[in-house]
Amino acid sequence: IPMTVTFFMQSSANRANAITKALIYGISIIVIYTFISLILSITLGPGFINWLSTHWLPNILFFILFTIFAASFFGMFEIVMPSWIVNSSDKQADKGGYAGAFFMALTLVLVSFSCTAPLVGGLLVEAATGEALKPIVGMFGFSLAFAFPFTLLAFFPSWLSKLPKSGGWLNSVKVVLGFFILALGMKFLIIPDQTYHWGILDREIYLAVWIVIFTLMGFYLLGKIKFSHDSDLPYISVPRLALSIVTFAFVLYLIPGMFGAPLKAISGLLPSPSSHDF
């Protein structure tokens, strides 16, 4: 954010020029993210897509990838771009002008890779498995929300002082997203298990893992579980309490599925009822 504000304050003498650069900056962020998804969705052929969607190897790799993303959100490590890529883009941004605004956007995308990789990676996996519209719309929506605050700061650099301070709440958001990514990543184990009739991931085993994941998420929201980057939690805020209530309610909703309940609301994310033998 300071780098963004500094770049656009250099053009503050010419307000119209600064606004134009800010618009190019925001649009460039959206174009970069959406273009990546569009290329993946268009270029992969149907044979390759069919292999990705049915073969056990890519689905296992996607599951491992989602698990790595979740571990990153839990604070185990940071996923970062190689420094030479970031530095090359940053040098182009230093040249200024409208091209500089584009490379500022590219630098932002690269620098923020450690934060956006788990979410963007999930959308790109969708693109690689044959989905076309979903990852494009998803990437457009993500990049639009991502570009919006930075573009506003480029319009109004003085708003920087009014931003909320980073802290423990922001890390809590990442950890909660990590639980979701870990749970959703399991769906990639369904396809190889059913295709090759391994019988390892029966419906009740899948649900048992989800019950454990979301129970741990509920305890985390209540402050009973703490990760390495978490701040001390002296009290539970009302939003955290509300989220924990929703999480535990979802866990209670899952439990009847262990005994054969159809769970129609999430049936698309679960193994087939025919695999149930509990």
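A residue is called buried when its relative accessible area is under 20%, exposed when over 50%, and partly exposed in between (1.4 Å probe, protein chains only). By this criterion L263 is buried, with a relative accessible area of 5%. The structure is a predicted model, in which local features need pLDDT of at least 70, side-chain atom pairs count only at pLDDT 80 or more, and totals for chains, interfaces and linings use all residues. Residues are numbered from 1 along each chain as its sequence is written, and side-chain values use heavy atoms, with hydrogens and water left out.

The protein contains 12 helices and 0 strands, where helices (H or I, at least four residues) and strands (E, at least two) are DSSP runs numbered from the N terminus. Its order along the sequence is accordingly written α-α-α-α-α-α-α-α-α-α-α-α. Of the 278 residues in the protein, 40% are buried. Contacts, defined by heavy atoms within 4.5 Å, were also examined by sequence separation. Among the contacts with a separation of 6 or more, 73% are between residues 24 or more positions apart.

Helix packing was described with axes, which are lines fitted to C-alpha atoms, for helices over the stretch in contact; angles run from 0 to 180 degrees between N-to-C directions. Helix α4 (residues 56–73) and helix α9 (residues 168–185) have axes that come within 8 Å and cross at roughly 165 degrees. The two helices are therefore roughly antiparallel, given that angles under 35 degrees count as roughly parallel, over 145 as roughly antiparallel, 65 to 115 as roughly perpendicular and the rest as oblique. The crossing of α4 with α9 is left-handed; a crossing has this hand if the near helix is turned anticlockwise from the far one by less than a right angle, and is right-handed if clockwise. On the α4 side the contact involves F63, F66, T67, F69, A70 and F73, and on the α9 side K174, V175, L177, G178, I181, L182, L184 and G185. Sorted by class, these residues comprise 10 nonpolar, 3 polar and 1 charged.

W56, N59, I60, F62, F63 and F66 of α4 are in contact with F188, L189, I191 and P192 of α10. The contact of α4 with α10 has 9 nonpolar residues, 1 polar residue and no charged residues.

Helix α9 has a further partner in helix α11 (residues 203–221), with an angle of about 175 degrees and axes 10 Å apart. The angle makes α9 and α11 roughly antiparallel to each other. From α9, the residues N171, S172, V175, V176, F179, F180, L182 and A183 meet Y206, W210, I213, F214, L216, M217, Y220 and L221 of α11. The contact of α9 with α11 divides into 14 nonpolar, 2 polar and no charged residues.

Two residues of helix α2 were examined individually. A22 lies in α2 (residues 15–43) and is buried, with 0% relative accessibility. When residues up to four places away in sequence are not counted, I29 touches A105, L108, S143, F146 and A147.

The segment after α12 (238–254) includes L263. This residue has a positive phi of about 50 degrees although it is not a glycine. P256 is found in the segment after α12 as well and is partly exposed, with a relative accessible area of 38%. The C-alpha atoms of P256 and E204 are separated by 10.0 Å, the two residues being 52 residues apart along the chain.

A search of the whole structure for salt bridges (a side-chain nitrogen of Lys or Arg within 4 Å of a carboxyl oxygen of Asp or Glu) finds 1. The side chains of K226 and D232 form a salt bridge at 2.6 Å, N to O. Both K226 and D232 are exposed.

Terms used
Ala, Val, Leu, Ile, Met, Phe, Trp, Tyr, Cys and Pro count as nonpolar, Asp, Glu, Lys and Arg as charged, and the others, Gly among them, as polar.
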